[in-house]
Structure formats: C-alpha cells, structure tokens
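The report below concerns a protein structure shown with its sequence. Its topics are the fold of one chain, the contact between chains and selected side-chain pairs.

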Protein chains: 2
Amino acid sequence: MAQEEGHTAVTPGSARPPGGQPDPPASPWRTRGARVAYRTPWITVSEYTVMRPDGSSGIYSVVDPGDNVAVVALDASERIWLVGEFVYPLQRFGWMVPSGKREGDEAAEAAAQRELAEELGIVADNWQALGTYDLSCGISAQATHLFLARGLTRGMPQPEGTEVLRARQVALDEAYGACLRGEIRDAPSVLGIWRAHALLRGGG
Amino acid sequence: MAQEEGHTAVTPGSARPPGGQPDPPASPWRTRGARVAYRTPWITVSEYTVMRPDGSSGIYSVVDPGDNVAVVALDASERIWLVGEFVYPLQRFGWMVPSGKREGDEAAEAAAQRELAEELGIVADNWQALGTYDLSCGISAQATHLFLARGLTRGMPQPEGTEVLRARQVALDEAYGACLRGEIRDAPSVLGIWRAHALLRGGG
C-alpha cells in the first residue's frame with residue numbers, strides 16, 4: 001500500500017476543520033488550531049483545537065483511514081462471493097464481502113474493481129452503485145461505497161501480504177439471513193447485502 | 001464524559017494483541033509489542049508491533065472510540081424519532097437516530113436508554129435488541145448495538161454541551177426510504193432502521 005495522506009488530514013499549522021475548508025456559517029463549532037497527532041501509511045489522526053457549540057474550549061480528534069469500498073459480486077445463479085479472514089482488531093475470524101481502501105484520488109468504482117480482482121481474481125462486466133454510508137461519523141469521515149457487480153469472470157487472485165483469505169459462494173438470500181442473524185457482522189458487508197437484496201427482492 | 005480506557009486499549013509494555021489476550025492459534029498474526037500511540041478522554045490509538053501473515057514485520061494501529069449504541073424509537077403511529085446535528089468530522093449537518101457511546105462497562109441496553117433520555121427526554125417501556133455490527137473492523141473493534149424502543153413517554157432532553165440537536169418524527173417507511181436514497185447516511189442509523197423495517201414489514 002502506497003504512503004499517502006488521507007482526505008481529512010490537516011495542513012500543518014492551519015486552523016481549518018476536517019476537509020480543509022473554513023468552518024461554514026452553519027457549523028456551531030469553531031476551529032482554532034489543527035495538528036497531526038499520529039500518522040502511519042494507513043491512518044492519520046488529526047487533533048483540532050475547537051470552541052464547542054456551548055462556547056467551551058476543547059479538542060476534537062478525527063481519524064482518517066481513507067474511504068472503504070465493498071462489492072457484492074453476484075453470479076448467474078444469484079450466489080454472492082464472501083471472503084473470510086482473521087481480523088486483527090477484532091481478534092477473530094469473520095466473513096465479509098470483498099472490500100478494501102480507496103487509494104488516494106482513485107474513483108470508488110475503480111477501487112471496487114481493483115479489490116475484487118486482488119482478493120478473488122474476478123472481473124465483472126456490470127457495475128452498479130448501491131449507495132454510500134458514513135461508518136462512524138463521530139470520529140471519522142470514513143465512508144463505505146457499495147457496489148453490485150455482475151457478469152463475473154474468475155481468474156487468479158493477488159492478495160496483499162497481510163491477507164490470508166478464504167473464499168466461498170452463498171446464495172444471496174442465505175447471505176441476507178446471515179446478516180439478520182449476526183453471522184455476518186461487518187457493516188459495509190451488511191449494508192451492501194441489504195441493498196442488493198432490496199434491489200433484487202423488493203423492499204428497495 | 002468520564003476519562004476511561006476503551007475496551008481494546010493496551011497494557012503498557014505488554015505484547016498482547018487488541019483485547020489483551022495472547023494471539024490465538026487461529027491467528028496468522030503474531031504480536032511482538034504494544035504501546036499507546038495517542039489517547040484522549042474519547043479515543044485511544046494503540047500501535048502493535050506485529051509479524052504479518054506473510055512473515056514480514058510491521059505495525060498495526062487500532063483505534064478504540066468505545067462501542068456505539070443506536071435506538072430506533074417507534075411511537076404508536078409507527079413514526080420514529082430522528083435527531084439532527086452538525087457533525088464535526090463530516091463538516092455537514094446530518095439526521096440520524098439517537099445514538100452515542102457505551103461508557104465503560106455499561107450494558108448496551110442501559111447505554112441506549114441513557115442516550116434516548118439525554119437526547120430526547122424519552123423513556124420507553126419496551127426494549128428489543130436488533131443486532132450488533134462491527135463498524136470499521138480494519139481499524140477498530142468498535143461495534144454498534146441496535147435497539148428498538150416502544151411504549152414512549154416524552155420528558156425534557158438533557159443534551160451534552162457538545163450537542164445542539166434538532167428533533168423530528170418521520171414514518172418508519174419514510175425513514176427506510178431515506179436510507180435507500182442516501183438521505184440518511186449514518187451507518188448505525190441505517191442498520192437500525194433496516195432491522196426495524198425488516199422486523200415490522202417482513203423481509204426479516
């Protein structure tokens with residue numbers, strides 16, 4: 001993964017809020033300072049000195065891991081692909097749809113195509129956006145961009161060194177049930193499977 | 001908000017992964033060291049020195065903002081409550097269901113009851129769990145715990161100093177449509193409204 005700055009990283013010495021534009025008039029917050037508190041190639045934590053809505057002074061820390069993309073890859077039999085891996089922050093194994101980080105100024109759909117190829121070696125003819133959702137807006141501007149991919153052709157996956165992936169196919173309806181039962185817990189996966197199910201089965 | 005350590009914060013000097021237990025045999029990661037890289041009363045960033053699944057050395061940073069709780073508060077006319085506020089990390093106004101942070105070892109349902117009372121002054125007779133989902137598992141163990149609250153009685157809200165909240169009621173079906181259209185983008189809100197809709201309208 002290339003070293004890069006995320007989209008809400010601060011300009012050192014600036015007093016701009018996340019995103020780098022002045023506080024808009026509609027904001028009840030006022031930004032007095034900004035610094036990078038922590039940075040790795042994968043995540044930036046920016047610390048803003050603020051006047052809060054009630055007029056008191058404080059800090060607001062914003063995490064920027066970059067945006068996420070997630071792909072519901074549906075075959076001609078209406079089965080979707082799931083990848084399973086041991087998730088280090090959770091310290092447990094989990095099944096999820098192919099997903100990853102949007103790099104730099106990469107378009108979300110291009111990132112989704114790249115992740116599907118890297119993780120499963122799959123190329124898809126037909127791409128459809130299923131929506132964008134904010135994952136944890138109290139601490140981050142990280143969004144997940146969801147896609148439905150159809151017309152699948154399978155080649156060889158090329159996972160990153162940090163990834164030891166298992167892969168399987170399950171019926172869309174079964175995956176939807178697994179989301180309801182909490183057997184799939186990853187929010188981007190659940191949101192994508194819900195949106196795909198709503199599109200194809202009604203309810204959306 | 002009280003100063004407290006989150007549930008995945010490291011023990012200084014330990015070489016334990018997130019959660020504080022030894023790397024399980026099923027994990028392809030090996031943890032060699034751990035330090036707190038950044039901490040505020042609201043968030044902890046822990047940096048783990050690891051051997052990756054491919055055998056290379058590196059670091060893995062894990063953010064701990066504590067778990068989230070979110071409440072779909074449904075009245076006798078099947079309208080739900082939404083709260084609107086300017087979200088500092090996003091730098092825009094957003095509508096979402098009442099939600100907040102689970103404090104310390106507070107039970108998720110107790111946290112949900114507290115948030116509903118603080119943000120809207122509402123007490124509910126009937127609470128039902130709607131599931132738990134991991135919001136951004138590549139960087140955090142943060143989960144959202146979703147609840148359906150019914151049998152509502154309204155009193156006076158007591159928001160925190162950082163909160164300038166607007167409130168409104170919308171029909172559950174209208175809120176569900178707003179989630180599909182991306183007018184509600186907050187993942188815990190969307191997951192909660194989807195689960196409530198599936199429970200009451202079928203599809204779940």
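## Model and chain architecture

The structure is a predicted model. Chain A contains three helices and 10 strands. Along the sequence, the elements of chain A follow the order β-β-β-β-β-β-β-α-β-β-β-α-α. The C-alpha trace of chain A spans about 55 × 40 × 30 Å along its principal axes.

## Extent of the interface

Between chain B and chain A, 20 residue pairs are in polar contact, both residues being at pLDDT 80 or more.

The axes of helix H3 (residues 187-201) of chain A and H2(B) come within 12 Å and cross at roughly 110°. The contact of H3(A) with H2(B) has five nonpolar residues, no polar residues and one charged residue. On the H3(A) side, Trp194(A), Arg195(A) and Ala198(A) take part, and they meet Tyr176(B), Cys179(B) and Leu180(B) in H2(B).

## Salt bridges

Over all chains, the count comes to 24 salt bridges. Four salt bridges are found across the interface of chain B and chain A. Side chains of opposite charge can pair when their charged atoms come close.

Asp134(A) forms a salt bridge with Arg185(B), with the closest N and O atoms 2.8 Å apart. This pair crosses between chains: Asp134(A) belongs to strand E8 (residues 122-134) of chain A, whereas Arg185(B) is in the loop between H2 and H3 of chain B. Asp134(B) also takes part in a salt bridge, meeting the side chain of Arg92(A) at 3.3 Å, N to O.

## Surroundings of Glu183(A)

Within chain A, Glu183(A) is located in the loop between helix H2 (172-180) and H3. The side chains of Glu183(A) and Arg181(A) are joined by a polar contact of 2.7 Å. Glu183(A) can also be placed relative to Gly94(A): the two residues are 89 residues apart in sequence, and their C-alpha atoms are 8.5 Å apart in space.

Technical notes: Residues are numbered from 1 along each chain as its sequence is written. Chains are lettered from A and ligands numbered from 1 in the order in which they are written. This is a predicted model: local features need pLDDT of at least 70, side-chain atom pairs count only at pLDDT 80 or more; totals for chains, interfaces and linings use all residues. Side-chain values use heavy atoms; hydrogens and water are left out. A polar contact is a pair of N or O atoms within 3.5 Å; within protein, one must be able to donate a hydrogen and the other to accept it, and residues adjacent in sequence count only if both atoms are side-chain atoms. Axes are lines fitted to C-alpha atoms, for helices over the stretch in contact, and angles run from 0 to 180 degrees between N-to-C directions. Helices (H or I, at least four residues) and strands (E, at least two) are DSSP runs, numbered from the N terminus. Contact means heavy atoms within 4.5 Å. Ala, Val, Leu, Ile, Met, Phe, Trp, Tyr, Cys and Pro count as nonpolar, Asp, Glu, Lys and Arg as charged, and the others, Gly among them, as polar.
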